[in-house]
Amino acid sequence: MKPKRLILCIVVLSLLIPAPAAAKAKPRRQRAVRTQTARPSDSELRELLRRAEQAAAEARAEARLAREQSEELERRLAENTRELAGLRQMMLDYGARLAELKAPETAAPAAPAQPVQVSAPEASAVTERLDRLQEQVEVNAAQIREQAQTKVESDARHRVRLFGMILANTFFNSDDSSLTDVPLVALPAAAIRRRNNFGATLRQTRIGLAFDGPRLSPRLGEARVSAEAEFDFWGGTSGYYENDVLGALRIVTASARLDWERTSLIVGQRPPLVSPLNPTSLASVWLAPLAAAGNLWQWRPQLILEHRAKLKDSSELIMQGGVMMPFGESLQGRTIEGGPGYEMRLAARRGTGSDRNLEVGLGGYFHRRPFSFNRHVNSYAVTGDWTLPLGSRLEVSGEAYFGRAIEIAEQSGGGVERLYAVSGPLDNPATAIRGVHAAGGWMQLAVKARNDLDFNFAYGQNDPRNRDVRSGQSVTSLKNQVASANFIWQLRHNFLVSLEYRRLWTNYATQQRTNNHVNLAFGYVF
């Protein structure tokens, strides 16, 4: 039992047991003291006793769970060790038989030797199984050591889990692009053209902290409290389109949540409700893959309420609603202020008997953006998303949208010139401001070739309405398309290698620009 809970039990018992009578020589003084000290009521004592019993029960349950986990890990470790020993003995027997077959014949053999057929595929399969078992033994041993160690705790004595990935990217670009290490669009022709350039970065490395908090009181439904924060090293003093090689630590996402059995309340900086999916990539991590080409990815401060209604079998209906706050977007260098935006999503999810689910969702987003001289633009989007498993090794996923001035497709705190067609300076009352309509989306085919090897093929596009774009003064793209193909190879359970090829097509008023991007990534997951 934890010290705080033990102290609480002692306090409750001291209140329940009456104090021994004092000496009879001073009865009046004792009565006077009793009249001045107010005893706790029966309801308060019962509540304290109930809390103490609940704390003791939780402590016993936690100890029992830890003991069961430790016993299960030790059992699995013993089984793997025995199987590993058997495979090693089998390999020794194969080696001895092969040595006998290779040895020169004796002068007078007693009997003709029976050949032992050991095929190369069989020996390779045994060796591969031996390697997997040895790796599993190492993992189980590490988990047992973790169970035996004291957990990392915060000042409130709640467990804190550290997670993340050290990610190194080496890349090549055939032509100019908006960002050399994570290109979004191909840039228009310039007087100085950069071609066939190489580079490398570790700025996409991520570090996260997950906090497992306590449960609330029964009056609040005993909701579980948890929080999470994730950081990368993409921040720095350089501009958005520059390549700050060293980078600086910055917050990517951070949120706290209350989880009941069927309902969750979430507050923090998170991806938008209407865009819950992302293509799979180790080449583009700090910006979501296919950003600016069909992926509404922006991390924004939000307040989200989610309810999961149980349907028949393994299906459920997910209802989500949220409030999204402005986050420093600017037009012509001036911050766009105003009230919050609103978002909702309705999705159906069904289990498929594996760790993957079939899910289809519809969403909507609306945000009224005010400008000076009583001007405003209604920004909105209608969205759809899907995840469709096709057997045990294939999965099709994607998103689609249509809307106007969809700011959740842009970087938080950045300029949004390409979302608005502006006829002149904003400080001129006669300047017209028009939201640019756009349609787009992305789709990915994921192929699990082996348990340790995945292939991913993705395509996305963002297609603004041409007449909206041409009504403004800024030079912006008319259409942006990106296609990518990559593999992710899990050399060990926590060491990844990936190679990705990405092709960008960006249309402007008078030309189409292209760029080829190749990215080799090495990731260590912890």
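The largest cavity has a volume of about 90 Å³. A cavity is defined on a 1 Å grid over the protein atoms alone as a set of points where a 1.4 Å probe fits but cannot get out; grid points are joined across faces, edges and corners, and the volume is the space filled by probe spheres set on the points. The structure is a predicted model, in which local features need pLDDT of at least 70, side-chain atom pairs count only at pLDDT 80 or more, and totals for chains, interfaces and linings use all residues. Residues are numbered from 1 along each chain as its sequence is written, and side-chain values use heavy atoms, with hydrogens and water left out.

Four cavities of 30 Å³ or more were counted by this rule. Lining residues are those with an atom within 4 Å of a point; for the largest cavity they include Leu296, Tyr401, Glu410, Arg418 and Asn462. This lining comprises nine nonpolar, one polar and two charged residues, where Ala, Val, Leu, Ile, Met, Phe, Trp, Tyr, Cys and Pro count as nonpolar, Asp, Glu, Lys and Arg as charged, and the others, Gly among them, as polar.

The protein contains five helices and 21 strands, taken as DSSP runs (helices H or I, at least four residues; strands E, at least two) and numbered from the N terminus. Two strands pair if DSSP finds at least two bridges between them. Strand S11 (residues 341–351) pairs with S8 (residues 315–324) in the antiparallel sense over 10 bridges, and alanine 347 of S11 stands opposite isoleucine 318. S11 is also joined to S12 (residues 357–371) by 10 bridges, again antiparallel; here arginine 350 has leucine 358 of S12 as its bridge partner. Five residues separate S11 and S12 in a hairpin, and glycine 353 in the turn has a positive phi of about 85 degrees.

Glutamine 511 lies in the loop between S20 (495–507) and S21 (512–525). Glutamine 511 counts as partly exposed because its relative accessibility is 29%; buried means under 20% relative accessible area, exposed over 50%, and partly exposed in between (1.4 Å probe, protein chains only). With neighbours within four places in sequence left aside, glutamine 511 is in contact (heavy atoms within 4.5 Å) with Pro188, Ala189 and Thr506. Proline 188 and glutamine 511 are 323 residues apart in sequence, yet 8.0 Å apart in space, C-alpha to C-alpha.

Of the 526 residues of the protein, 37% count as buried. Among contacts with a separation of 6 or more, 62% are between residues 24 or more positions apart.

Technical notes:
1 Å grid on protein atoms, 1.4 Å probe; cavity = no way out; pocket = protein on both sides within 12 Å on 5 of 7 lines; lining within 4 Å.
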